[in-house]
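Here are my notes on the model you sent. Please read them beside the coordinates.

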Amino acid sequence: MAQGSGDQRAVGIADPEESSPNMIVYRKIEDIITKMQDDKTGGVPIRTVKSFLSKIPSVVTGTDIVQWLMKNLSIEDPVEAIHLGSLIAAQGYVFPISDHVLTLKDDGTFYRFQAPYFWPSNCWEPENTDYAIYLCKRTMQNKARLELADYEAENLARLQRAFARKWEFIFMQAEAQVKIDRKKDKTERKILDSQERAFWDVHRPVPGCVNTTEMDIRKCRRLKNPQKVKKSVYGVTEESQSQSPVHVPSQPIRKTTREDVRKQITFLNAQIDRHCLKMSKVAESLIAYTEQYVEYDPLITPAEPSNPWISDDIALWDIEMSKEPSQQRVKRWGFSFDEILKDQVGRDQFLRFLESEFSSENLRFWLAVQDLKKQPLQDVARRVEEIWQEFLAPGAASAINLDSHSYEITSQNVKDGGRYTFEDAQEHIYKLMKSDSYARFLRSNAYQDLLSAKKKGKSLAGKRLTGLMQSS
Amino acid sequence: MAKEECKALLDALNKATACYHHLVLTIGGSADSQNLREELQKTRQKAQELAVAIRTRLTAPLRDRGLGAEERAEFERLWVAFSGCLDLLEADMRRALALGTEFPLHAPRRPLVRTGVEGCATGVAARALSVRSLRHEAERDFDVEDLHQLELEILQVGEMIQDMEMKVNVPRWTVQPRQAAGAELLSSASAGVSSVGGVSIEQRSRPCDLSKALAATIFSAVLLAAVALAVCVAKLS
């Protein structure tokens, strides 16, 4: 019972990480590994090989692994098995005991299974401190056997510079670990050494090898100290070491951190003051919008007479193309000014209304400017002139009513005419129409008649429908 | 002297951390057993005791404003080492928890991985606790109950680290190291070679190198015989 809840708790905590792509792969590999080294159910033979004057403990040959993979995972092609084995080795679950390059070869090279502590699924990216301790340990041990490779010596030098202040601790810890190592059994030491070396081959690989973890020394350091991102590893430490501690050095560095904190505080304050819409209000508007438009959505409310896309009957489109708008369509014009401008028939009706009020030049201007935006470039300049002459020039034929500010901006823009010369003026006119003429239009007789569906219109539509039905 | 005490405690903590690291390495491998889990628990409890002791001893002088610059530098160095040890310990404890959950001993979801490490790690734990040998006296489901305990202890250590950072303001970048970073390695390299020589001689006398010892004696006997023969031949001629 306790175990069950313990498991559950552990699984619950690890859940978001369990579903990351890497973890899924690791779990699969671990299943394979478990089956592979399980003696009772036919795993690979792990044995101790006696060579000249020494024993090599607990190894498997490459051929054995490849054969096991082919048999148990139903792989026919040995190349595929080798590839799969190399992938497992590249992640660090199996390693060759005498090579830094982590691939699987189908011959007599010996491999060993990695300890669970070093499995990549335990989700720890080793820090540079651990790497420093490891390299330190290696230099303290038997030099002939475990000499540092070039890239390792380089890394060690770099880490020494980076961890100058902490080096005493690193050295102490490395010493303590070496002391413990020396008291152990020789075979055990071999195995543990090889395990650790393989682990670091995965996480700090030989330059030129595939880096499965996509991490390296510099990246690790950046992750740990995000403030020190800009400078290189050498820059930070050399600077701080060059001055004596009595005189100044800590001040500039500390100031930067305070500045950073201040910046963060201002940023967070701005975030708090940001205008946030209340979810309840947003939901209300959304519901109102959907209720209003539900009957116009052909997916929800089937169109009448029938949806041409489904029934292959284009009656609906014919009706729409005729100049007699349906009641539903007319109703839509009342929702917002944009709706009426979108609809061709609506525009015509509105234009007619404005003509009756002697203010049609506004809408014509608006339409002309919209048209201007679609003109090919060579015609644009000409059209700009025309529009200016017709609507805006002093003594124009259809003078529109602009405030002086917009007028000045527009006259400036006309000097080098482009598609958006009249943007300002257009917006002004739009607002004017929306607040003034549109409201009157909705109250006008013409619109109300259309809305209540005059008998003439209805019967025409009805005749067309019945005619179609008779013919089909 | 407070400093010497601190130093001694810190060394002990260092040793305990290293021992704990070695023990955690073997969880889930072929050397895993009830005894191992017990040793883990004992080692980490000892490490925590030491940590608490060091903390109390270090916090007082570091918060004391009137301390001299030399003294303060010393204490700051100890502080850096102490926080480093604690970080390592916490990280290892977390890994031990993860591994312990994945590889429960009795009702194994998966059998232990045959890494080949067969030896028993009692010696390591005994070193950490500075005792001659350890008695093992746990019940069957020890490892499972221990995991709960471990979680609590991880939280405690985390809190301790947090607390320390809050209370004592030792900016890492002002701590002056005693000597340049590579120096210890260079000096120890020369010492290491000689000590390694000593160790290998010591190792030759251990029983597992019996074959090597045998070969060496036979070879030396043959050599002596050859020398004796050569002397006789020289005498005769």
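1. I310(A) counts as exposed because its relative accessibility is 70%; exposed means over 50%, buried under 20%, partly exposed in between, with a 1.4 Å probe and protein chains only. The residue sits in helix α13 (residues 308-311) of chain A. Helices are DSSP runs of H or I with at least four residues, strands runs of E with at least two, numbered from the N terminus.

2. This is a predicted model: local features need pLDDT of at least 70, side-chain atom pairs count only at pLDDT 80 or more, and totals for chains, interfaces and linings use all residues. Residues are numbered from 1 along each chain as its sequence is written, chains are lettered from A and ligands numbered from 1 in the order written, and side-chain values use heavy atoms, leaving out hydrogens and water.

3. Chain A has 23 helices and 4 strands. Of its 472 residues, 39% are buried.

4. The 4 strands of chain A form an open antiparallel sheet, ordered β1-β2-β4-β3; strands pair if DSSP finds at least two bridges between them. β1 (47-51) and β3 (94-96) of chain A are at the edges with a single partner strand each, so one side of each lacks a neighbour in the sheet. From one strand to the next, the twist averages 55°.

5. β3(A) and β4 (residues 110-113) of chain A run antiparallel, joined by 3 bridges. Opposite P96(A) stands Y111(A) in β4(A).

6. Helix α8 (residues 186-203) of chain A lies across β2 (54-61), β3 and β4 of chain A, at about 45° to β2(A). Axes are lines fitted to C-alpha atoms, for helices over the stretch in contact (heavy atoms within 4.5 Å); angles run from 0 to 180 degrees between N-to-C directions.
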